[in-house]
There are 2 protein chains.
Amino acid sequence: MTARDDRSSQKSSPPAGEDRLIARFFKPLATAPGAFGLDDDAACLQPPAGHDLVFTTDALVEGVHFLADDPPGNLARKAMRVNLSDLAAKGAHASGFLLSLALPARTDDAWLEAFAAGLKRDIDQFGCALLGGDTVRSPGPLMINVAMFGAVPEGRMVRRAGARPGDKVMLSGSIGDAALGLKVRQGGLAQLPAAVRDHLSSRYELPLPRTELADAVREQASAAMDVSDGLVGDVAKLCRASGVSAQIAAAKVPLSDAARSALGADPALRDAILTGGDDYEILCAVPAANAGRLTAAAHPFGISFTEIGTFGTGEGLRVLDGAGKDLIFTRGSFSHF
Amino acid sequence: MTARDDRSSQKSSPPAGEDRLIARFFKPLATAPGAFGLDDDAACLQPPAGHDLVFTTDALVEGVHFLADDPPGNLARKAMRVNLSDLAAKGAHASGFLLSLALPARTDDAWLEAFAAGLKRDIDQFGCALLGGDTVRSPGPLMINVAMFGAVPEGRMVRRAGARPGDKVMLSGSIGDAALGLKVRQGGLAQLPAAVRDHLSSRYELPLPRTELADAVREQASAAMDVSDGLVGDVAKLCRASGVSAQIAAAKVPLSDAARSALGADPALRDAILTGGDDYEILCAVPAANAGRLTAAAHPFGISFTEIGTFGTGEGLRVLDGAGKDLIFTRGSFSHF
């Protein structure tokens, strides 16, 4: 401690590393009033009247959920989208999020610039505000945590528990592209045309959360969750949470043209498609009388809803092949753990 | 993919690692209604009428914010407390939090049990509910992220920006124990009595968030923040955010008996005390007319509030020694980055 004449040294000294990063890359994104330009210790938000708040969080870790050379903009968007997907499946609309970054020393400004650009793109696209966060140094892998919250009309969050015997098992979009896309990224499926490989790979790199379906799911479904850990395992989870059984037909599971062509070339890929994970589609239990309304409500957004089976009494999940025989999977559910 | 007769294989298979951990260690802690026993993809909470919600998040990384052999229960509590401290300084009462854990493979059940026990202790002590989280594997260091939210009467969050010239610089509790405690933990200050060393060390290991002061700060302060990155740097930050200057007297900065005895033995420790960080006291700008009320409101909780200086016009922070000479610090602010 030494005495000097420069009275304003605390002010004029260059900002610390974290302050500089925040000021340069993240402050410009935090334009919501309650974010205070990331200049405060906390964010503030007035909850919409007559609504509950819905909270979720997901962590992505380098070497577990992504690779060091993944495009940073995609990582930013993926970190937001896995949370957006959770909220949509609960019938909620995303309001804002907190971002925690643990950055290895190798993280340079170019990486951060691309990361922030990806973040901004999805903040704008999904109307979900960056409200705050924490930036720390990691002596190991890069880690990204997003804690997101959204609003749902009071008492109307769609639960996992809620499926009733007789409800239809319904699924948005298509299943399996991401699992096949991971194989492509790992050098597999080399026999497929480049366009097919690119499509699959892109579905792995960047989930497409079904945020447009939140209202329809809330109005028509008795239970819902997003499919992130593989269809078979996630249907089983919904069954357990609801105290019901389910029977689904593998042949009814909706596939993209790309997945269909991959499966045609190698039928053994069915396992990866049905259990592979990272689909980020919405799985619903829907009373039979509502099934048509759900499909109709999704149609204007260009998203299909497909019935793949029925919930029943008792417990357990049966997945049947085209001949009505039970299929059993060596790995029911994908876990990043 | 093979067909077997065991129809309920999805159900009867042992839960995956993450599911088992959550069921065993964290589900018992998630007793709040909107946490759904961690069985859903999201938590749901009805915001209190007439209140805004205040959000904050902090990440703790092994090797940066803590050491691998730190007691796990203390880490859990520290992860909560650094956020509780932020909310208290904003005049908000904590409602709940989301916990993300990235766990190295070496993490065993004994570690998790102790971590969960610490978490439960502070959940109960501070009435702050575990609402959800994410548990992932880390190929590197252990990381703990807490995203916490609380409630504050509408429009009443205490900002960093808000200090006015003439306001008093006021400080709860005492400063420097944690910075000195870190030195103790690193093997320093060996000349001090064991009781003093233990006191200092405990203040480093486990912050004491001033949650009892939230109402008083909200009612009496024009600006506030918690002191986490060192007093000098944090006063300078509050000045910048508020567009004011400040002058504080080093001799007025409140010290514990332990810090005072350490400083007596080695006057050079003043630097560490004033800039060291991890204090988790509340720094306020308080109109002169309110200073007595703030002190009186804190008194029933056994917490002192001390005036250490005055905010003024212009910019910059002056820290004066007993002779009225400016003190300049080689490191104005501690950064974990």
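Visitor: Where is L112(A) found?
Guide: L112(A) lies in helix 4 (residues 109-126) of chain A. Helices (H or I, at least four residues) and strands (E, at least two) are DSSP runs, numbered from the N terminus.

Visitor: What kind of model is this, and how are its parts labelled?
Guide: This is a predicted model, in which local features need pLDDT of at least 70 and side-chain atom pairs count only at pLDDT 80 or more, while totals for chains, interfaces and linings use all residues. Residues are numbered from 1 along each chain as its sequence is written, chains are lettered from A and ligands numbered from 1 in the order in which they are written, and side-chain values use heavy atoms, with hydrogens and water left out.

Visitor: Back to L112(A): buried or exposed?
Guide: L112(A) is buried, because its relative accessible area is 1%. Buried means under 20% relative accessible area, exposed over 50%, and partly exposed in between (1.4 Å probe, protein chains only).

Visitor: Which residues is L112(A) in contact with?
Guide: Apart from neighbours within four places in sequence, L112(A) is in contact with L21(A), F25(A), F26(A), L103(A) and T107(A). Contact means heavy atoms within 4.5 Å. As for D41(A), this residue is 71 residues from L112(A) in sequence and 22 Å from it in space, C-alpha to C-alpha.

Visitor: Let us turn to T56(A). Where is that residue found?
Guide: T56(A) belongs to strand 2 (residues 51-61) of chain A. With a relative accessible area of 3%, T56(A) is buried.

Visitor: And what does T56(A) touch?
Guide: Not counting residues up to four places away in sequence, T56(A) touches N83(A), D86(A), L87(A), V146(A), A147(A) and M148(A), and also D41(B), A42(B) and L98(B). The side chains of T56(A) and D86(A) are joined by a polar contact of 3.4 Å. A polar contact is a pair of N or O atoms within 3.5 Å; within protein, one must be able to donate a hydrogen and the other to accept it, and residues adjacent in sequence count only if both atoms are side-chain atoms.

Visitor: N83(A) came up there. Where is N83(A) found?
Guide: N83(A) is part of helix 3 (residues 72-89) of chain A, and N83(A) is buried, with a relative accessible area of 0%. Leaving aside neighbours within four places in sequence, N83(A) is in contact with T56(A), T57(A), D58(A), V146(A) and M148(A).

Visitor: Where is R159(A) found?
Guide: R159(A) is in the loop between strand 5 (143-153) and strand 6 (168-172) of chain A. R159(A) counts as partly exposed, because its relative accessibility is 24%.

Visitor: Which side chain does the polar contact join to that of R159(A)?
Guide: A polar contact of 2.7 Å links the side chain of R159(A) to that of D40(B). Beyond four places in sequence, the contacts of R159(A) include K90(A), S222(A) and F36(B).

Visitor: How many disulfides does the structure hold?
Guide: The structure holds 0 disulfides over all chains, a disulfide being a pair of cysteine sulfur atoms within 2.5 Å. For C44(B), the nearest cysteine sulfur is that of C128(A), 17 Å away. C44(B) counts as buried, at 13% relative accessibility.

Visitor: What about C239(B)?
Guide: C239(B) is in no disulfide, and the nearest cysteine sulfur, that of C284(B), is 14 Å away. C239(B) is buried, with a relative accessible area of 3%.

Visitor: Finally, what is phi of D278(B)?
Guide: Phi of D278(B) is near 65 degrees, a positive value in a residue other than glycine. D278(B) sits in the loop between helix 10 (270-275) and strand 9 (281-286) of chain B.
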